[in-house]
Amino acid sequence: MSSTGTPWTFRREIPSDTSIGSELVAGLLDAMTDRDWPPADLFRTQLAYEEAIVNAIRHGNQCDPDKTVLVEMTCEAERLLIRITDQGDGFDPASVPDPRDEDRLETPGGRGVLLIHEIMSEVAYNDVGNQITMVKIKGDDPEIED
């Protein structure tokens, strides 16, 4: 049975533990499935979520067990929103070097921010840089650049 008329919402504050953060996406994927989202959207959303939650825990909170991450998610029939807020100092997304630059091709890491921008419909950061808001529109499959 499809739940297209009722939005699914989730809000939880979690410790800086990537295993706990990774578990939370299952509910969102179930909500998307209940609302007949295509498999490609489920895959892309899970990938973007995983990148964002790991960035918040590892880079934002520095895996500090005394800091938490707030995860907020809403899934509707045609649109979903994921907001992840850490307690770190934040960062300037414009300062992240492009991992596709010739001198960075063999550098490990640094691809998550680019990947999130490539696969989600909209991505925004708060002024501090410790909160990411990602929106996915059902069926919006941006072309990933080579």
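**Surface, fold and a helix pair**

A: The accessible surface of the protein chain is about 8100 Å², and 48% of that belongs to carbon and sulfur atoms (Shrake-Rupley method, 1.4 Å probe). This is a predicted model: local features need pLDDT of at least 70, side-chain atom pairs count only at pLDDT 80 or more, and totals for chains, interfaces and linings use all residues. Residues are numbered from 1 along each chain as its sequence is written, and side-chain values use heavy atoms, with hydrogens and water left out.

Q: What pattern does the protein chain follow along the sequence?
A: β-α-α-α-β-β-α-β-β. That is four helices and five strands, taken as DSSP runs (helices H or I, at least four residues; strands E, at least two) numbered from the N terminus.

Q: How much of the protein chain counts as buried?
A: 36% of the 146 residues, with buried meaning under 20% relative accessible area (1.4 Å probe, protein chains only).

Q: OK, helices. How do H3 and H4 cross?
A: The axes of H3 (residues 39–60) and H4 (residues 112–119) come within 9 Å and cross at roughly 150 degrees. Axes are lines fitted to C-alpha atoms over the stretch in contact, with angles from 0 to 180 degrees between N-to-C directions.

Q: Which residues make the contact?
A: From H3, Arg 44, Leu 47, Ala 48, Glu 51, Ala 52 and Asn 55; from H4, Gly 112, Val 113, Leu 115, Ile 116 and Ile 119. Contact means heavy atoms within 4.5 Å.

Q: Which residues of H3 are buried?
A: Among them are Arg 44, Ala 48 and Ala 52.

Q: And what follows H3?
A: Gln 62, with a positive phi near 55 degrees.

Key:
Buried < 20%, exposed > 50% of the residue type's maximum accessible area, 1.4 Å probe, protein only.
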